[in-house]
Amino acid sequence: AGLMKTGGRRDRVGCVCALPGTPAQGFHVDGTDEGLINAFVPLVDVNEDNGTQIEPGSHAPVDFAFAPLPCRPPTTPRVPAGGILLLDYRTRHRGLANQTSV
């Protein structure tokens, strides 16, 4: 309710189910629109064995002819079940292979 009071809005809702044995995704962005946020809410604990890998800083616009890439090495946040991971919509990320039994 608070987000709607400040002029925010929900744009899309989706669900990703990565069952055991699901292969890793390639790096991608969900879109190029500025001002949108992705909210990942895992139903199980996520880490390097089943989580989401992100490229920090990859959402920032860059003049590639004159500036170094703003990205740092990919990282995999640990997020507990029911926790939340917020990312700029333009952040490069990928789902890792699910190497767990759940």
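Is Cys15 buried or exposed? In this predicted model, Cys15 is exposed, its relative accessible area being 66%. The protein chain contains one helix and four strands, which follow one another along the sequence in the pattern α-β-β-β-β.

**Overall make-up**
- Of the 102 residues in the protein chain, 28% are buried.
- The protein chain exposes about 7,200 Å², and carbon and sulfur atoms account for 57% of that area.
- When contacts between residues at least 6 apart in sequence are considered, 81% of them join residues at least 24 apart.

**Cysteines**
- The structure holds zero disulfides, and Cys15 is accordingly in no disulfide, with the nearest cysteine sulfur, that of Cys17, lying 3.8 Å away.
- Cys17 is exposed, with a relative accessible area of 62%, and Cys15 is exposed at 66%.

**Salt bridges**
- A search of the whole structure finds three salt bridges.
- One of them joins Glu48 to Arg78, whose closest N and O atoms are 3.0 Å apart. Glu48 lies in the loop between strand E1 (37-40) and strand E2 (52-54), while Arg78 lies in the loop between E2 and strand E3 (85-88), so the pair ties together parts that are 30 residues apart in sequence.
- Within that pair, Glu48 counts as partly exposed at 38% relative accessibility, whereas Arg78 counts as exposed at 61%.
- Another salt bridge links Arg92 with Glu55, the closest N and O atoms being 2.6 Å apart. Arg92 is placed in the loop between E3 and strand E4 (93-95), and Glu55 in the loop between E2 and E3, so this pair ties together parts that are 37 residues apart in sequence.
- Arg92 counts as partly exposed at 33% relative accessibility, but Glu55 is buried, with a relative accessible area of 13%.
- A further salt bridge is formed by Arg90 and Asp88, with the closest N and O atoms 2.9 Å apart, and here Arg90 and Asp88 are both buried.

**Surroundings of Gly26**
- Gly26 is found in the loop between helix H1 (2-5) and E1, where this glycine is partly exposed, with a relative accessible area of 48%.
- Once the neighbours within four places in sequence are left aside, Gly26 is in contact with His93 and Arg94.
- The C-alpha atoms of Gly26 and Gly95 are separated by 7.8 Å, although the two residues are 69 residues apart along the chain.

**Nonpolar surface patch**
- Ile37, Val41, Ile84 and Leu86 form a nonpolar patch on the surface, and together these residues have about 410 Å² of accessible area.
- Val41, one of the members of this patch, is found in the loop between E1 and E2.

Methods. Residues are numbered from 1 along each chain as its sequence is written. This is a predicted model: local features need pLDDT of at least 70, side-chain atom pairs count only at pLDDT 80 or more; totals for chains, interfaces and linings use all residues. Side-chain values use heavy atoms; hydrogens and water are left out. A disulfide is a pair of cysteine sulfur atoms within 2.5 Å. Buried means under 20% relative accessible area, exposed over 50%, partly exposed in between (1.4 Å probe, protein chains only). A salt bridge is a side-chain nitrogen of Lys or Arg within 4 Å of a carboxyl oxygen of Asp or Glu. Helices (H or I, at least four residues) and strands (E, at least two) are DSSP runs, numbered from the N terminus. Contact means heavy atoms within 4.5 Å. Patches are made of residues with over 30% relative accessible area and no salt bridge: like charges are joined within 9 Å, nonpolar side chains (Val, Leu, Ile, Met, Phe, Trp, Tyr) within 5 Å. Accessible areas come from the Shrake-Rupley method with a 1.4 Å probe; for residues, only the protein chains shown count as cover.
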